Protein chains: 2
Amino acid sequence: MQSPVANDYQLASFTDMTTLLDNDELLNALRQTGARITKPRKLIIQILADKGDEHPDAMEIFRRAVRRDSRISLPTVYRTLKMLEEHGAIQKHAFVDGRSRYEPADGPHHDHLIDMDTGAVIEFQSEKIERLQEEIARELGYEIVHHRLELYGRKTKA
Amino acid sequence: MQSPVANDYQLASFTDMTTLLDNDELLNALRQTGARITKPRKLIIQILADKGDEHPDAMEIFRRAVRRDSRISLPTVYRTLKMLEEHGAIQKHAFVDGRSRYEPADGPHHDHLIDMDTGAVIEFQSEKIERLQEEIARELGYEIVHHRLELYGRKTKA
DNA sequence: ATGCAAATGCAAATTATTTGCAATAAGGAA
DNA sequence: TTCCTTATTGCAAATAATTTGCATTTGCAT
């Protein structure tokens, strides 16, 4: 059912997230900060760049990494994630369940709809909401640096 | 500078948050679920109802509680917070620092604008944003149970 | 006032994440 | 390529936040 007017939101779609994370630019940028491009780091960066199941937490990243190289350790995963976050390459999200989840920080900003039953995370983006946020902040005398919007909900029964 | 049209947002103002939490209504409601109104519970509810420094975490609530009754324990604080949350009386927020912070859930829902320089938290509410959120969720096949919107910003230089 | 289930306090367990340290391995220099 | 320096790793142990088991206490309905 198509609405006659354009939707005021869009599902986020990253046409080329992979190249943004998994490329020489990032690796070089990291190298230039004095960081060494080690095997575990390359692996973790690849995993983060893999589309598919989004927003893995540290343990999930660790599990995926172990599959490809059983010698990797959890602390290294944490250390690499922290490094990438400080570098601005990924973003850390704190959801209510206690764990932190990570995702590439490139691409346009988007918000999250979390399925309370399955834990699935749907990304969307709404121009209107962004504009409203800015307007509100402006009238309160503020300039938005970044924001976070999370909707928690359940599938409506068909 | 007043706009000719009504603002689409409002600063949240709880004229009487205290009575909402610290009153017989809540106590009776709790009693009716089979819960017992114990001394520690009354204390914690009072502390949460106290305005002033908002969004305390569990440890902070515990510290304040101990001041008034040194026999109280941290687990009881956690257990009471969980109970109140399940009852819908308070809301739990997970900020990025790992800890969870709590605040009364009564009154209308509101969102947060966080001053990145001072850490000040300004509460506001926007009907329009709420509606947009629901619309988006609906079109994605979801029903919103609750949400969280945080704007991080800096004061615009006069 | 009395009894019983709910709630408490304590200590110990969990869960997520971090840190100390000896061993390993990037990657620039020779 | 080999060597050297030092960042990084893996392991085990440490933290930090929160939860749980259990014996004891305490609301509160009778």
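1. In this predicted model, helix 3 of chain B passes helix 4 of chain B in a right-handed crossing. The two helices pack at an angle of about 120 degrees, and their axes are 10 Å apart. Helix 3 of chain B and helix 4 of chain B are therefore oblique to each other, since angles of 65 to 115 degrees would count as roughly perpendicular and those over 145 as roughly antiparallel.

2. On the side of helix 3 of chain B, the contact with helix 4 of chain B is made by L43(B), I44(B), Q46(B), I47(B) and L48(B). Helix 4 of chain B contributes I61(B), R64(B), A65(B) and R68(B). By class, the residues of this contact comprise 6 nonpolar, 1 polar and 2 charged.

3. Around DNA strand C there are 23 residues, of which Y78(A), R41(B), R71(B), T76(B) and R79(B) come nearest. Of the atoms of DNA strand C that come within 4 Å of the protein, 66% belong to sugar and phosphate.

4. A polar side-chain atom of R36(A) is placed 3.0 Å from a base nitrogen of DNA strand C. Phosphate oxygens of DNA strand C lie 2.8 Å from a polar backbone atom of I37(A) and 3.0 Å from a polar side-chain atom of S73(B).

5. Two or more residues of the surface near DNA strand C come from each of helix 5 (74-87) of chain A, helix 3 (39-49) of chain B and helix 5 (74-87) of chain B. Helix 5 of chain A supplies the largest share, 5 residues. The composition of this surface is 8 nonpolar, 5 polar and 10 charged residues.

Definitions and conventions
Residues numbered from 1 in each chain as written. Chains lettered and ligands numbered in written order. Predicted model: local features only at pLDDT ≥ 70, side-chain atom pairs only at ≥ 80, totals over all residues. Heavy atoms only, no water. Near = heavy atom within 4 Å. Polar contact = N/O pair within 3.5 Å; in protein donor to acceptor, adjacent residues only side chain to side chain. Helix = DSSP H or I, 4+ residues; strand = E, 2+ residues; numbered from the N terminus. Nonpolar A, V, L, I, M, F, W, Y, C, P; charged D, E, K, R; others polar. Axes fitted to C-alpha atoms, helices over the stretch in contact; angles between N-to-C directions. Parallel < 35°, antiparallel > 145°, perpendicular 65-115°, else oblique. Left-handed = near helix turned anticlockwise from the far one by under 90°. Contact = heavy atoms within 4.5 Å.
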